[in-house]
Structures are given as structure tokens and as C-alpha cells.
Amino acid sequence: MNALRLLGRKFLQLIPVLFAVTVLSFLLIKLLPGDPAVNILGPSATKEAVAQIHQHLGLDKPIPTQYLTWLGHAVTGDLGRSYQNQQTTTQALKQRLPVTLELIVLSQLLALAIAIPMALIAASRAGGLFDRVSTTIAFGFLAVPDFILGVVLVYFFAVRNHWFPATGYTPFSQSPTENLRGMVLPVLTLALASQAVYLRLLRTDLIATLQQDYISMAKAKGLSSRYILLRHALRPSSFSLVTVSGLQLGALIGGTFIVEVIFALPGVGSLAVQSIFSRDYLVVQGIVLLVAVAYVLINFAIDLVYTFLDPRIRHAGAI
Amino acid sequence: MRSMVRAACAVAIVGLVATACSSSGGKKGSGSSSGGSTTAAPNETPKPGGKVIMGVEAEVDGFLPTANRFDVTGLTYASTVFDPLATYGNDNKVHPYLAESITPNATYTVWTIKLRPNLTFTNGDPVTNADVVADLNAHLKSPLTGAAISNIASVTPGSDNLTTVVTTKTPWVPFPVYLTGQVGFVFSPKMLTDPQGSQHPIGTGPFILKEWVPGNHFIATKNPNYWQKGLPYLDSVEYRPIVESTSRDSSLSAGTIDILHSSDPQTTVDLKSTSGINQINDLSTKGEVEEGFVMLNTGKAPLDDVTLRQALAYATDRKKVNDTIDFGIPAISDGPFGNVGSPYHAATGYPGFDLTKAKALVAQYEQKHGVSAVPTFELGTTNTGRNLQLVSLLQQMWGDAGIKVTIKQVEQSQYILNALQGKYDAYTWRQFGEPDPDADNTWWNSSNAAPEGALSLNFARNKNPKIDADLATGRQSSDQATRTAAYQDIATQFATDVPYVWINETLWTVAAKKSVRGILNWTLPDGTPGVDHPIGGFFLMSHVWQG
């Protein structure tokens, strides 16, 4: 019952959040300089031609009317059509979302797979050689921007050795092997940066946890260091990691554009950039809505994960 | 992202007229090719079958010629599924392509276009004059393409179902040039009535659209009923938009794609020493190329004063700009016509770099407007790193001459709007790559120069009756020497008026694996050789094959 009540409360909270997000984003996009009609027409944009395009796209109507029209359609699942290529926004997102989700999920799984064991080793021997080397490497990856890392990986693994394709995307349904080959470099680009954040975060929390009294008690009872780390220290040290990785997942849905551009991946990020440049308002709105929903749902999921990580939260009904 | 941005700065209506060459008679134009001659393959027999993947620099917004803007990628996609009524031969003249003939009357006011017999669209419908009439009339009404052909008075069916009659408002000698590009592609009028018509092309082209996922790929398969027997050679072709030029270059080097085109000089640098790749670029193309320049608003102070404009020209070290921003690779520009291979290019008398003269002109300006009147204005550009570098360099050069400039970066569509409305002082720009200067009439004619606030297609708002007279001569004279002289005079007028501070020319490169053949050396339907170099990054995929 508690869980159901919780779900209901969260979904009710979702409605005003989404409403506020869409209103603000619609207004912000409208306030930006530029005009889709001029983008479409280019330099031959005469006054009459611009007016004709405005009328055709419904841009001659007041902004509140435009927003309400969009909202009315959006609640029925119709997010409108691109001004540029007449593709429906839903269709565009359906085509693009799997690419971005695959990129995000694979990269974050890889990042966690690298970061968690490394953080455990580094924290268990804090100040040791492994800790110092892993910290240095982590700072190195944090300092290198995605676009540099991507280009370097392409140079070594695609241009010089032809091991992986430099650009492009093959759907998993078409060829699982080609799909995974194509995703290796972009996934690695995102994962190397993310793992550095996760490693630093978890290592710090683990070191703090390892100084708690109950850990000393466990040691006094003769439990092995490995057992203590995995059974007693890791779970309570994972709060920041879970929060950050969750937020990272949400942020990456619309924030992978640099990697998507470098590797020519047809994901949501590259669609967002393209749509913003061409003032394709309805597509931008669709992406904003998608990202907002993703954020809210991911935060909801994080709240649920907390209850499993810390029974005190569950029993106190703190969420 | 660099190429995307560069392309965004190019605002010429390149698609309306296929960006082509028009060299003086008999001169064999050839793009600069490196890495061997396998791309040209003059003596090899084409091998049918196979597939090529081409990396293109942008995505298109659709396939409907009256509604979607055909830049070089648009032309590439369109020529895959449509055919133009005319195209360029290696004699640098316009030849009929889907049309069997294009004939003027004695005064060049009536043009008769006759289609080849037995043509069919890919949906099985026959192609008749009704389709050509519908297409051209739709173009006339189009806000996108109508302005370019506004000299057409009427388009009507001719005496039989293959003939179309185009009547023009004034004698229009270079009219067939307009049938080589966006306006010339013949498409089924059913696309006009289908709300999704822009995504479902119905043409007569060498390939048929199989799948288009915007932003990812466009795959087309061989048209089994293509009207040119034996063509296309390839079974299928795939285009992948890769907007970042370095990624496109890496993709070719890594073997992920087979061909690319690029307007970024970085490509020439990236692929220079890569083995297994041929490069064909515009360094020796015998035709028009786009010019890069700073456009000055002559309609408002302070740049309404020609003394100040001339000072800017003298203060600009074009070689230094070219070396710093574009690796010194493209040719330096001194007028609206390409100084490498354009038949319209001649010595223009455009001011060379001379800081002393620039300072003297600035002093003259200050004397005229008051001693304390240091010339000050805003230099605008779009939001890119490369463009910021460019304007920063110009700011420094012009500052050395005593001209104070503030830099303003503006979003792309707002930028175009500001240029249209005259709400700018000086803007970086890229334009004038049309193969026949008649297509520039719109941009240079005084009748299209309006005051600030009013929309003006003569963005620089330069008014010069001599230029207007030359434009009329270029449009109406059938004597090529007279036309050439008229356009050369326009370039000379620009050198004096200085509505544009010329910088350098756009360098297009087509690069391909050595196994790819047929980009050069192909044959027109009448058996004569086709144009022997890519035109602004565009070539016909129907003649390409895998060796």
C-alpha cells in the first residue's frame, strides 16, 4: 500500500513539474533570436515568403495559442511535426532514442564496472601506489574533454588500426555484431570520463565509511577486509554514487551531443543540436519533454533505490 | 562541426542552379587530383554491381524541389532519385539531359523544352509535358525558388505531350542554366499534393529511395527501368550525414565510408598523406567557386562612405588571413568571380594590402567628418570558433589602420534576417558561386537595394547604374564576349565601390578510396563527355562504379 501511495504521489508531482518545464522551455526557445522561416528560405526570404511560411507553420498565432495547441496535441501523444522535414516528432524520437539509450546504458555500465572495483581497491589501500596511480589517471580523464578523447580513440582504433568504424550506427536488430563494433568507441569515450567521476566519489565515501566504529568492530571480530568492504562498507558508501549516476543518466539523454556528433550517431543529442540550430521548435519541445520525463522518472527510481540501500529511510517513511 | 557552420555561413542559393563550371570554350577543366588517376579511370570498362557509402556534410530537409532547400547535399540526394532537364558537359556548356532539346526563339524570349520519349517515373507513371508545366508553375509560386526564375512570364504546354513552352519577361539567354539544378529536377506532381510528398520522392532518377532515416542514412537502390541503359553501375548507394569534417575525414581514412565531400580546407590537410585515397579539389577547377568576404552595408553610416570602405580593403592582408584561418590552401579572392578558373575573371583593380594608403584614407575620412571622428562600426559573424578567429584577425588589421571595430556574433537565422533588413554594418559572408553570373542579378541589382528596415535582397545595398546596365547586358546578350565583358566590368565596379572586402575562395574537395571510379570521365546521353570535375562538391552518382 505504501508503495502504491508513493507511486501515486510521485506521479501527481510529475504533472506540475512537466507543465512548468514545457512552459519555460517554450518561452525560452521563443525568446531566442532567429526565425525558422528564414532558416527554411535562406537569403531569398522576402517579407511575403516569410509571412507565407509563418502562416503555414502556425507561427503567426500568439505564443500562448501556439503553446496551448502544442499542449493539447501533446497530451494525446501527438508532439507535432518537424518544420524542416515534416517528420513527426514522435517518429524522430522513436528513431533516435534507442541509439542514445544504448550509448548511455552501455557507457554507464562500463563506467561502473571499471569504477567500483577500482574504488574498492583504492579505498582499502588509501594513499598506496594503486590509489595514487588510479587517482592520477582519473584526474587525467576528468581533465580531457569528450571531443578530444573521442578523436584520439578514433585515430588509434579506427584510422590507424581499422579495428572499429570511425562513425556510423547499425541497429542491433540489423546486425548485433556491427552494432556493438560501432558502439565501442563512443561508449568508451563516455565511459572513461564517467568512471573517473564515479571512482573519485566512491573512493572518498568508502574511505569515510571505513573509519566508522562499526567497521572497527567488524575488524575486531576478525572479519576479512574483503568481506568488510563488500558486505559492510560498499552499500552505505553508495548513496552519492547512486545519486550522481542517476542524474548522469538523465543528463546524458539530451547531453550526449558531442559524442553523437563526433561519431555521427543518430541519437537524441544530435537531433537536439540540429533542431535548435534550425529553430525547429516542436522537435525541441518534444526533446525537452522527453528529458524532463526521464529526469523525473530517474529521480523517482533513485528514491526507490535509497530504500533498499538504507533500511532507516524505508522505516522512517522519509521518501 | 566546423563544416556545418561553414555551410551555414554559405547562404547562396546554390541549389537553384547546379553549381557548375562554365569555362571558356575548349578549355579542359580538371579538378586538382592527387594520389593517382584511378578516380578518373579514362580507359577502364565500368564494372556493374556493388555499393558505395558517401559521407555528406549535412542532412537535407526533404526531396520536394519546390519546398526543400537543395544545398550540395540536397543536390546530391536529389540527383540520386531525380534527373535534371539539363546538365553541364565537358565543353562547359549546358546540354539537355532529361530533355531531348531546349531551344530558344530568335529573341530568347520563348524557350521550348522537349522531353525524351518513353520516360517513366519510378511509380510507373509516364513523364509528359504536363509534369514539366506543373513543376515549373509550382516553382514560380514557391517562396523558396520563385525569386530565381521570376523573369518567367508563363509556362504552357506545347504542341505535343512532350513539349513545354516557357515565355520570359525579357530576353533571357542563360535561361537553360536554371534547368541544371533545383528548378530543373523533374518530379511527379503527385509529390505536391501528398502531405508527405517531401519524404517520398517520385522521379526518373538512377536510383529509388529505399530508406531515409534523417540524420543517419539515406539508402537508394538501382532503378531497374532507368532510361539510360546500362546505368547506374552501382546496385545501391548510401549517404551518411557526418557534419563534423574531421569525423568525415577519419571515416574515409578508416574505411568506414568510400567517398566524402567537404568545403573545409582541413580535409585537404587531413587526407594529404593518407594512402589509398584520391582527392579531387577546386584548386584548379575551371569554373565558379564561392567567394568568402566581408559584406559592407553601404546603405548606412559610417560604411556609406566609400573612402572608409576603400580604407578597409587596403587594410586587409588577405594572404595573412588565408594563411592563418585556412592554412593558405584556398585561392585569395579579388572579386566575385573565381580567380583560378572563371571565364569571367580578369584583373579587377581591387586594392591590395597597403597600410599606408589605408591610414591615408582614414585620415581623409576623419578630415571629412571631423578630426575626432574615429571610424567605428560593428563587425558581425556567426557563432563559430573559426569565424571568431577571422573577425578577430580583421579587427586587429583594421585597428592598425585606425579603424575601430567591435565584434558581434549572431545566431545564423537572425544573421540572415539582419542582412535582409540592413540591420548590420559589416558581416562575414560566403556567396556568388553560381556558374552563370546571371544568377547573381538578384543580389547585385540596384532595384533590390532597400533602405534599413526594409527587406532587401541586395544585402550590401550597393547602387550603381553601370552594374545594372551590365546585368541587363549579361542577361540579354547572346554574344558570349559581350556578356563576359559586362560581368568583368561589374567586378571592376565592385573594386571601386567596395561593397565587399574580398578574402578567399571556397575550396571544395571530393575524396574517395582508390577503388571508386567514375566521379570524373563520364558521358552525357548524347555521347559527349560530361563535366570532368565535381561541381562545388557535387557529382552524378549514376556513373560511379567500384573497381
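**Notebook: salt bridges and the A/B interface**

I began with B:Asp125, which is partly exposed, with a relative accessible area of 24%. I kept in mind that this is a predicted model. The side chain of B:Asp125 meets that of B:Lys190 in a salt bridge, 2.7 Å from N to O. I placed both partners: B:Lys190 is in helix α4 (residues 190-193) of chain B, and B:Asp125 is in the loop between β6 (110-115) and α3 (129-141), so the pair ties together parts 65 residues apart in sequence. B:Lys190 is also partly exposed, at 46% relative accessible area.

**Chain A pair**

Next I looked up A:Arg181. A:Arg181 forms a salt bridge with A:Glu178, and the closest N and O atoms are 3.4 Å apart. Both residues belong to helix α8 (residues 176-209) of chain A; they sit three residues apart, about one turn of the helix. I noted 29% relative accessible area for A:Arg181, which is partly exposed. A:Glu178 has 33% and is partly exposed.

**Network in chain B**

I then turned to B:Arg240 and B:Glu238. Their closest N and O atoms are 2.9 Å apart, in a salt bridge. B:Arg240 and B:Glu238 are both buried. I found B:Lys51 linked with B:Glu238 and B:Arg240 in a network of salt bridges. Over all chains the count is 15 salt bridges.

I checked B:Ser236 as well, in strand β11 of chain B. Its relative accessibility is 13%; the cut-off for buried is under 20%, so B:Ser236 counts as buried. Leaving out residues up to four places away in sequence, B:Ser236 touches B:Gly50, B:Lys51, B:Val52, B:Phe207, B:Ala220 and B:Thr221.

**Interface**

How many residues does each chain bring to the contact? I read 41 from chain B and 38 from chain A. Together the two chains bury about 3,300 Å², with 60% of it on carbon and sulfur atoms. I looked for salt bridges across the interface and the rule finds zero. Polar contacts come to six residue pairs, both residues at pLDDT 80 or more. On the chain B side, the elements giving two or more residues are β9 (207-213), β11 (236-241), α5 (245-253) and α11 (412-421). α11(B) gives the most, with six residues. By class, I listed 20 nonpolar, 15 polar and six charged residues on that side.

**Confidence**

Last, I looked up the scores. The model has ipTM 0.76 and pTM 0.83. Chain B averages a pLDDT of 88, and 91% of the residues score at least 70. Residues 1-41 of chain B have pLDDT below 50; this stretch has 157 contacts in the model beyond near neighbours in sequence.

Note on methods:
Residues are numbered from 1 along each chain as its sequence is written. Chains are lettered from A and ligands numbered from 1 in the order in which they are written. Side-chain values use heavy atoms; hydrogens and water are left out. Contact means heavy atoms within 4.5 Å. Buried area is the accessible area (1.4 Å probe) that two parts lose on being put together, summed over both. A salt bridge is a side-chain nitrogen of Lys or Arg within 4 Å of a carboxyl oxygen of Asp or Glu. A polar contact is a pair of N or O atoms within 3.5 Å; within protein, one must be able to donate a hydrogen and the other to accept it, and residues adjacent in sequence count only if both atoms are side-chain atoms. Helices (H or I, at least four residues) and strands (E, at least two) are DSSP runs, numbered from the N terminus. Ala, Val, Leu, Ile, Met, Phe, Trp, Tyr, Cys and Pro count as nonpolar, Asp, Glu, Lys and Arg as charged, and the others, Gly among them, as polar. Buried means under 20% relative accessible area, exposed over 50%, partly exposed in between (1.4 Å probe, protein chains only). pLDDT is the predictor's confidence in each residue, from 0 to 100.
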